[in-house]
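Dear colleague,

I am handing over the structure we discussed, with the sequence alongside. My notes on what I found in it follow below.

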Amino acid sequence: MIPLVLSARAAAGLLTHWRDGSSGPAYSALADAVRVLAIDGRVAVGTRLPAERQLADALGVSRTTVASAYALLRDDGFLRSTRGSGSVLRLPSAVAGRPDPDHLAAPVDGDLLDLRKAALHAAPGVAEAAVRAVQGLPAALVGTGYDTVGDPGLRAAIADRYTTRGLPTTADQVLVTLGAQHAIALLARVLVRRGTEVLIESPTYPHAHEAFRAAGARLVAVPVDAHDGWDGDALVSALRRSAPAVAYLMPDLHNPTAATMPSALREAVLAAAADAGTVVIADETMAELRIDGDVVPPFATAGPAVLIGSAGKVFWGGLRVGWIRADPALLQRLVLARPTGDLGTPAIEQLIVRELVPDTAAALEARRTFLRAARDTVVAGLRDRVPEWEVPAPAGGLSTWVRLGRPVSSALVLAARAEGLVLTSGGAFGPHGGFEGFLRVPYAVPADAQVRLVEALGRAWTRLDSAVRAPGRPIAAVV
């Protein structure tokens, strides 16, 4: 297999803040930063890293610094170097959670608590819906099974759900996709050309900014904060100044901050977007997972917007079914472009979700009860265990965006690994890096895992704190 190649320029872009918060040698800080790129998945395992001299020139450091960092990574099992073939990124078995380090793309297992994905267990009723769906399968067998538009009954059920929530919708405004991520990537492929400007929030869902970059977009980032939400002036000004082709927003229970955009700002954003000719995409995959207060009406009730939804967050991530609500003309463009990437959404999954969508309200009520208890337990536990952290109690969603008080998120993620806890550093959520002072902590886990999460993070912070205080001891020592 031919390995992926990371250019020195691209590596420098990913390593913008590699020295932030480091009190040890430069080579140790650089090695730590590369480790986190591998752990977060921002650089794929099996990728060939830049040559030492090339990376040194790109980062503005000596070749000795890069050579020492690479040597440290080899010693720790994160790098395999072969004469003539360069240095290839890998994960040691202790980090991958597997005895065989060659199976590096597989999920971690064993005693590790993997919280890289903020997701819920399956909702009650999924198994029963699957049984009913199978009973209805014979009617679907008369077709070929290749469906790039979506099951008519499912599209009608999704449209009815939007109508119930205050946004009149018909089935011809709905396209069924392979989950929300597929919807984002498909929209990016159709709406973006190389060099196109796309407005995006910072921080944001990592795979969203990756999808727009892959389509060739130039990202224009606007800030959003767990406490203050969006900088409304900056957001509207960016739309007017840049006139981006696309604006990708998460206005309801934003991932990772859990902020919700006020109604007045929604109207101002959509008005500015209309003036600029910008297509607004509102990712509402978290929108109905509200714990406190009422669920906000869909974003498009305030004006024209493309909406993305998913069955994964409410019902179960194993149901790879999402959807796009948009004008039929745009949906036609998406359908025509789709076959180059996939040939449709699986029929059985659509039939299952068709059974579930009419029961969304009941499923959400059960979810809210669980999420409220989980949020309160984890937030209170972290505030007590690590009082110097700022731990918000979000109004909904599946995680809290913790302010650490120091730019040590990457180092903390490494320390947490040693305590059996797998998290994603704050930097993964920054379209242009940064956020080393933050950590996304998912709380939607069973009660025993909530306790384990709090205790493991507390121990990791103590471990990290001790390493930073120890004179002459690099942060890498916490691994």
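What covers the buried residues of α12 includes the strand β7 (229–230), the helix α11 (232–242) and the strands β8 (246–249) and β9 (279–283). Please keep in mind throughout that this is a predicted model.

The buried residues in question are L265, R266, V269, L270, A272 and A273. Viewed down the axis of α12, these buried residues fall within an arc of 165 degrees, so they line one face of the helix. As a general point, an α-helix has 3.6 residues a turn, so residues three or four places apart point the same way. On the face of α12 turned away from the buried side are the exposed residues S263, A264, A274 and D275.

The length of this helix can also be checked: α12 runs over residues 263–276, and at 1.5 Å a residue its 14 residues should span 20 Å, which agrees with the 20 Å between its end C-alpha atoms. Just after α12 comes G277, which takes a positive phi of about 75 degrees.

The loop between α11 and β8

A243 is found in the loop between α11 and β8, and its phi is near 45 degrees, a positive value in a residue other than glycine. With a relative accessible area of 40%, A243 is partly exposed. P244 lies in the loop between α11 and β8 as well, but P244 is buried, with a relative accessible area of 1%.

Which residues is P244 in contact with, once its neighbours within four places in sequence are left aside? They are E197, V198, L199, A238, L239 and T278. For orientation, P244 and G309 are 65 residues apart in sequence, and their C-alpha atoms are 23 Å apart in space.

The packing of α9 and α13

Finally, there is a pair of helices to look at. Helix α9 (residues 179–191) and helix α13 (residues 328–337) pack at an angle of about 95 degrees, and their axes are 10 Å apart. That angle makes α9 roughly perpendicular to α13, since angles of 65 to 115 degrees are counted in that class. On the side of α9 the contact is made by L186, L187, R189, V190 and L191, and on the side of α13 by L330, R333, L334 and A337. Sorted by class, the contact of α9 with α13 has seven nonpolar residues, two charged residues and no polar ones.

Methods:
Residues numbered from 1 in each chain as written. Predicted model: local features only at pLDDT ≥ 70, side-chain atom pairs only at ≥ 80, totals over all residues. Heavy atoms only, no water. Axes fitted to C-alpha atoms, helices over the stretch in contact; angles between N-to-C directions. Helix = DSSP H or I, 4+ residues; strand = E, 2+ residues; numbered from the N terminus. Parallel < 35°, antiparallel > 145°, perpendicular 65-115°, else oblique. Contact = heavy atoms within 4.5 Å. Nonpolar A, V, L, I, M, F, W, Y, C, P; charged D, E, K, R; others polar. Expected span 1.5 Å × (residues − 1). Buried < 20%, exposed > 50% of the residue type's maximum accessible area, 1.4 Å probe, protein only. Arc of directions from axis to C-beta.
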